[in-house]
Amino acid sequence: MSKDTKVDDDFEAFFTPENTTSFEQQALYFANAVIVALIPVYLFYSVFYLEFEPLNAIFYIAGVGASVYAVARSYAEAAFHKKARLLSDRENVITLKSVGNLDGQKVSKRAVVAAKRQQQLSVTAHESVAFSIIFNNVLYLGAITILAGWLFKSWTPLVNYIGSTAAASALLLFSSKSAGKY
């Protein structure tokens, strides 16, 4: 097998159905990302007394939009990497020996193993999505809180909002992209 063939096979394997996000997952990621991206707007309005002036609306919309994209993309990346790690750890858990005795059932052991593996794949996918959402929410909101309350504290509220949301979004994207390397 040549090196080019292996690269092509890896590239094609990346786009298999179990490696792509479904429409339901994308909708879940987007809905959660909108909620999480709006939390800093409320934080800056109530804590830092950020004024809602019409001229500044462009910055609010851009900040929320960029944050929604970054958070939703990070959900998908982290879920993909977590699912791959969990599946590699669990790949030999269900075997023909682990199925046990089927006393009087007319189902083959291979069919039972295939059904259990499919159920395991579904559970692993749900676990990876839940982990991704919780981990990225904590990381993003924690970064916003630390950046806004410590690093950008002496800046004006609008610049504080722009800087802290941009830096937290960049941190989130970087952490989700580098998660697959470790």
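Modeller: Tyr-75 counts as buried, with a relative accessibility of 0%, and this holds in a predicted model, as does everything that follows. The structure holds five aromatic pairs. In the pair formed by Tyr-29 and Tyr-75 the ring centres are 5.7 Å apart and the planes stand at 45°, so the pair is described as tilted. Because Tyr-29 belongs to helix α2 (residues 23-46) and Tyr-75 to helix α3, this pair ties together parts that are 46 residues apart in sequence.

A second pair, between Phe-131 and Phe-135, is stacked, with 5.6 Å from centre to centre and 15° between the planes. Both of these residues lie in helix α5 (residues 109-151), where they are four residues apart, about one turn of the helix. Phe-131 is partly exposed, with a relative accessible area of 36%, and Phe-135 is also partly exposed, at 38%. The ring of Phe-131 has a further neighbour, for the charged end of Lys-82 sits over that ring, 4.7 Å from its centre. Elsewhere, Phe-44, Tyr-60 and Tyr-161 form one aromatic cluster.

Helix α3 (residues 57-90), to which Tyr-75 belongs, also carries the one salt bridge that the structure holds, in which the side chains of Arg-73 and Glu-77 meet at 2.7 Å, N to O. Arg-73 and Glu-77 are four residues apart, about one turn of this helix. The two residues fall into separate classes of accessibility: Arg-73 is partly exposed, with a relative accessible area of 33%, whereas Glu-77 is buried, with a relative accessible area of 13%.

To set these details in the whole chain, there are six helices and zero strands, and 32% of the 182 residues count as buried. Among contacts between residues at least 6 apart in sequence, 75% join residues that are at least 24 apart. The chain exposes about 11,800 Å², of which carbon and sulfur atoms supply 66%.

Terms used
Residues are numbered from 1 along each chain as its sequence is written. This is a predicted model: local features need pLDDT of at least 70, side-chain atom pairs count only at pLDDT 80 or more; totals for chains, interfaces and linings use all residues. Side-chain values use heavy atoms; hydrogens and water are left out. A salt bridge is a side-chain nitrogen of Lys or Arg within 4 Å of a carboxyl oxygen of Asp or Glu. Helices (H or I, at least four residues) and strands (E, at least two) are DSSP runs, numbered from the N terminus. Buried means under 20% relative accessible area, exposed over 50%, partly exposed in between (1.4 Å probe, protein chains only). Contact means heavy atoms within 4.5 Å. Accessible areas come from the Shrake-Rupley method with a 1.4 Å probe; for residues, only the protein chains shown count as cover. Rings of Phe, Tyr and Trp (its six-membered ring) pair if their centres lie within 6.5 Å; planes under 30 degrees apart count as stacked, over 60 as edge-to-face and the rest as tilted. A charge sits over a ring if NZ of Lys or CZ of Arg is within 6 Å of the ring centre and within 35 degrees of the ring normal.
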